[in-house]
Amino acid sequence: MDLITILAIPIIITTTWLFTANLSRSSHPNFTNQRICLLIAHPDDEAMFFSPTLLALTAPDLSNHVKILCLSNGNADGLGKVREKELVASAELLGLRSGKDVLVLDSSDFVDGMDTKWDPEKIAEILKSAFSGPSQSKKTGGNDAPKATIDVLMTFDRHGVSSHPNHISLYYGTKIWLNGLMKGKRGWRCPVELHTLASVSISRKYVSFLDAPMTMLLGFLSGIKASRSQNKDEGRRQALFVSDIWQWRQGQRAMTKAHKSQMRWFRWGWITFGRYMVVNDLKRELI
């Protein structure tokens with residue numbers, strides 16, 4: 001391999017990364033002036049899995065109001081109160097307006113643990129009390145329009161990205177809440193869009209930004225398939241967020257500067273090579 005080729009490789013890689021990040025900005029639904037909630041299970045989920053999404057949606061020119069609801073304080077190691085503060089610091093690094101837009105629960109119903117499944121019905125009750133509109137708490141005789149205090153809810157998909165049972169429970173709890181919100185509301189559109197973070201195979205988890213072209217290609221092929229199919233389930237829209245180099249470094253800082261208690265050796269590998277630190281593709285779920 002000659003010297004010119006060696007010098008050209010990093011230039012090509014960097015150019016491809018920046019081009020993909022720029023292209024992705026036009027490949028997702030137009031989230032502007034939206035009330036958005038990110039639903040997570042543990043402090044650090046927002047940084048390790050959703051930093052590209054948060055950094056994109058909190059851009060000032062979009063005028064979104066983004067909040068985070070975390071159902072546990074990650075107290076498995078007795079660091080719950082520390083991790084609550086770390087989450088607030090991380091959220092501010094990732095663009096949220098203030099720490100007041102972060103709510104962390106500390107409940108015996110939602111204990112942090114790889115061997116703990118959370119009750120989806122209880123998750124649905126939390127979401128109902130937090131986000132259902134005033135009319136939803138009363139029994140009305142008419143077919144009134146469903147109401148909610150958020151426009152978009154984002155969380156993990158049914159596989160939880162890392163197969164963590166707490167992540168998976170969020171998906172099912174969210175579906176129960178939204179299906180309940182729409183019960184008896186035929187003819188009305190759900191007031192909340194649900195977008196879930198797509199899980200990928202282990203072979204794609206540690207290729208960083210190199211997974212972005214593959215994700216784009218799969219999204220393009222899925223769109224073609226949907227246009228030819230009569231199955232509306234195949235027509236779900238994809239929202240793709242690819243961080244540029246600055247955003248990637250900012251996501252890393254959210255871990256290294258804010259979530260200091262969680263920076264064990266294996267997480268250095270994740271924040272360096274993990275594709276979720278650079279690439280987020282979310283699917284809109286049908287309700």
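Reader: Hey, where does Leu-39 lie?
Author: Leu-39 sits in strand β1. Keep in mind that this is a predicted model.

Reader: Ok, and is Leu-39 buried or exposed?
Author: Buried: its relative accessibility is 0%, and the cut-off for buried is under 20%.

Reader: Which residues does Leu-39 touch, leaving out those up to four places away in sequence?
Author: There's Leu-69, Leu-71, Leu-127, Leu-153, Met-154, Thr-155, Leu-170 and Thr-174.

Reader: Switching to helix α5. Which of its residues are buried?
Author: Ile-123, Ala-124, Leu-127 and Phe-131. Looking down the axis of α5, these buried residues fall within an arc of 100 degrees, so they line one face of the helix.

Reader: Which residue caps the N-terminal end of α5?
Author: Asp-119 does, with a side-chain oxygen 2.9 Å from the backbone nitrogen of Glu-121.

Reader: New topic: what's the volume of the largest pocket?
Author: About 480 Å³. Of the 20 residues lining the largest pocket, the closest to its centre are Asp-44, Met-48, His-164, Phe-266 and Arg-267.

Reader: Which element gives the largest share of that lining?
Author: That's α11, with three residues. The elements that give two or more residues to the lining are α2 (45-48) and α11 (265-273).

Notes: Residues numbered from 1 in each chain as written. Predicted model: local features only at pLDDT ≥ 70, side-chain atom pairs only at ≥ 80, totals over all residues. Heavy atoms only, no water. Buried < 20%, exposed > 50% of the residue type's maximum accessible area, 1.4 Å probe, protein only. Helix = DSSP H or I, 4+ residues; strand = E, 2+ residues; numbered from the N terminus. Arc of directions from axis to C-beta. Polar contact = N/O pair within 3.5 Å; in protein donor to acceptor, adjacent residues only side chain to side chain. Contact = heavy atoms within 4.5 Å. 1 Å grid on protein atoms, 1.4 Å probe; cavity = no way out; pocket = protein on both sides within 12 Å on 5 of 7 lines; lining within 4 Å. Points joined across faces, edges and corners; volume = space filled by probe spheres on them.
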